[in-house]
Amino acid sequence: MAGVIDGLSWILLSVGGMFVFIGGVGTLRLPNFYTRMHAASLTDSMATLLILPGIMLQAGWSLATIKLLAILVFLLLTGPTASYALANAALLSGMKPEESRQTVGDKTSAS
Amino acid sequence: MIIVSGIFLLTLLAIIAVAIVRTKNLFVAVMLTSIFSLLMAANFFILDAADVALTEAAVGAGVTTVIFLSALSLTAERERSITRKRYLAIFVVVVTTLVLIYATFDKPRLGDPQAPVHQHVAPWYLEKTPEFIGIPNVVTAVLGSFRGYDTLGEVFVVFTACIGVLFLLGSRRGPEYAVYEPSPGNTGLSHHLIPKVVSRLLVPFIVLFGLYVQFHGEYGPGGGFQAGSIVAAGIILHALIEGEAAALAAVPRAALLGMVVGGAMLYGLVGLAGLVLGGNFLDYSVLLSDPIAGQQLGILLIEAGVGVTVCGAILLIFHAFAARELV
Amino acid sequence: MYYGVAFAIFVTMGLAMVRALLGPTVYDRVLAVNTFGTKTALLLAVIAFLYGRQDFLDLALAYALINFIGVLAVLRFFQNHQTDKTNTREE
Amino acid sequence: MELLGYYNYWVFAVVLMIGFYAVIAKVNLIKKLIGLSIFQSAVFLMYITMDKVEGGTAPIIQEGVSDQIFSNPLPQVLILTAIVVGVSTLALGLAIVVRINEVYGSIEETDILDMDRKG
């Protein structure tokens, strides 16, 4: 049983680590702001959903599990809210998603 | 691994510091400052300072950014590029850096147990805390009891800074006394549905977490300074979403002033109670018949005083900036 | 295994910081700050387990709860400055 | 490895002087304050570096665990209070800058000095 739990948490942690990394690459490499935000916020939620349960399996039943669950819930609530606020701020300032499509690959004028 | 990750985070820290100084856009500088704060907190945690990391998290994550942004919207967002000869400044800075780096070779290396810092009072604190005070968190014991004088001073610095901000920003010009009030028509971000719902859900939890940090400070990382900042961050969130007027309706300005003054007074009075009961100033052993229980009661009271003062001061500062912004 | 996750988070922190330094718009930098914040919360949780001090999860909890206040303040800041849009762009 | 033990202090020196550079060379008052807070953070970093003991853990005594090595609690206490004090004094500085901006209409040091010279 312990081996199964260990293996499961190992899988969760490594897949979560991969998502973290993919999100990082996406934030750096994608051509304009809205696509970058897409990469960052999606992988943020996914990595949170994978890494924290992975740690939870290691922790077993203790106070730490409850705290990790709380961290998970709060990160899942606040992450998309922050993304919403950011996208809204960008839209407010007149940064149109379709405008920036024409400037793919031209980072200096993407604003 | 720990050393390597420390080195990685410190390198990022140095790079971000250069970027903060180089950028001309003050808004960008403020955003980079919050990355700087996150890196500092991670570094503190790696270097075994959980309490300090929690303080940096509580202050740097919300409060600093909000105050900086309020100040920016009251002044200018960009730095004007002025061509001025800075060779002298660069020369001075480079020479001093080299001298400082040369001087570090005389310091004990990181983690050296034989370093002079670890030889004198620190072992005494670690050894005597269970005996005299009986709480697990040595940092709280030193903060509240062994070095209570120091903390009293710090609380009064926060108090004084708050009074100073109120003097500078609080009152309108004119013969009659009047304070800037936020316009009731300003409803903040409440027309954004998602932040509104999430914040209504989270504000109670943030305040609850603040209280947990306050009262758990003797057993784990936490204490008055962190708790005050966290509760203040929760109420600042409420103010951002519902407008400052709503936040002032929830916690009125008079209550905030009472918190700042009352917290500092509570700290001082606990000290005086020690004198009255026949001990020294800020000696809590005499508060109860059992000296250890007395110490614990004293630390609980002064931590409460610290938390209340810090929370009130941060909120008053926030309201002083925010009310000017929307005139 | 924790080391692997910590390493992935470190790399992502580095990448996010490059984005924060490059820009090109201010929003990219805010996005990088936000990514950095969630990564720090995860990193603190992982390090708490690496150190074997599980009572230090409070730190990650603090970041999970209050880190998004900064981004909301940014939204508020731009909402109050809708009139002078030119200011929010970088040259 | 021996040299890497000094890396924290080198970063301390570099960050300290970056902050100092912002204070002496920048003309924008808010930038000066940001520089000041970087300077302050560098000092925090030095103190916290001194508290680390090899193989140690944070100075919170765990029940049922004996012969742990603890890091030094004293620098932590000093810095913990200094962080909150740092924010409130920073707010005081920003308040002064806001008032200066109201009176002079500028937060660039050179402008303010020019206006003062003209009377």
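In this model Asn32(A) is buried, with 23 other C-beta atoms within 10 Å, where a residue counts as buried if 20 or more other C-beta atoms, placed from the backbone, lie within 10 Å of its own, as exposed if 12 or fewer do, and as partly exposed in between. The model is a predicted one, in which local features need pLDDT of at least 70 and side-chain atom pairs count only at pLDDT 80 or more, while totals for chains, interfaces and linings use all residues. Residues are numbered from 1 along each chain as its sequence is written, and chains are lettered from A and ligands numbered from 1 in the order in which they are written.

Asn32(A) belongs to the loop that joins helix H1 (2-29) to helix H2 (33-59) of chain A, helices being DSSP runs of H or I with at least four residues and strands runs of E with at least two, both numbered from the N terminus. Between Asn32(A) and Gly7(A) there are 25 residues in sequence and, from C-alpha to C-alpha, 38 Å in space.

Chain B as a whole is divided into domain 1 (1-116) and domain 2 (120-327), with bounds that come from an automatic or database domain assignment. The C-alpha centres of domain 1 and domain 2 of chain B lie 26 Å apart, and the contact between them takes 14 residues from domain 1 and 18 residues from domain 2, two residues being in contact if their C-beta atoms, placed from the backbone, lie within 7 Å. On the side of domain 1 of chain B that touches domain 2, there are nine nonpolar residues, four polar and one charged; here Ala, Val, Leu, Ile, Met, Phe, Trp, Tyr, Cys and Pro count as nonpolar, Asp, Glu, Lys and Arg as charged, and the others, Gly among them, as polar.

Among the chains, five pairs are in contact, and chains B and D share the most contacts. The contact of these two takes 69 residues from chain D and 79 residues from chain B. On the side of chain D that touches chain B, helix H1 (7-25), helix H2 (29-51) and helix H3 (73-104) of chain D each supply at least two residues, and H3(D) gives the largest share of that side, with 22 residues. By class, the side of chain D that touches chain B holds 46 nonpolar, 16 polar and seven charged residues. Chains A and D, by contrast, do not touch, their nearest C-alpha atoms being 15 Å apart.

Helix packing between chains can be followed in two places. Two packed helices are described by the angle between their axes and the distance between the axes; the axes are lines fitted to C-alpha atoms, for helices over the stretch in contact, and angles run from 0 to 180 degrees between N-to-C directions. Helix H3 (residues 63-92) of chain A and helix H8 (residues 193-215) of chain B have axes that come within 9 Å and cross at roughly 145 degrees. Residues of H3(A), including Leu77(A) and Tyr84(A), meet residues of H8(B), including Val198(B) and Leu202(B), and this contact has eight nonpolar, two polar and no charged residues.

The other place brings together helix H9 (residues 224-242) of chain B and helix H4 (residues 69-80) of chain C, which pack at an angle of about 30 degrees with their axes 10 Å apart. H9(B) and H4(C) are therefore roughly parallel to each other, since angles under 35 degrees count as roughly parallel, over 145 as roughly antiparallel, 65 to 115 as roughly perpendicular and the rest as oblique. Ala233(B), Ile236(B), Leu237(B) and Leu240(B) in H9(B) face Ile69(C), Leu72(C), Ala73(C) and Arg76(C) in H4(C) as contact partners, a set with seven nonpolar, no polar and one charged residues.

Chain C itself has four helices and zero strands, and of its 91 residues 69% count as buried.
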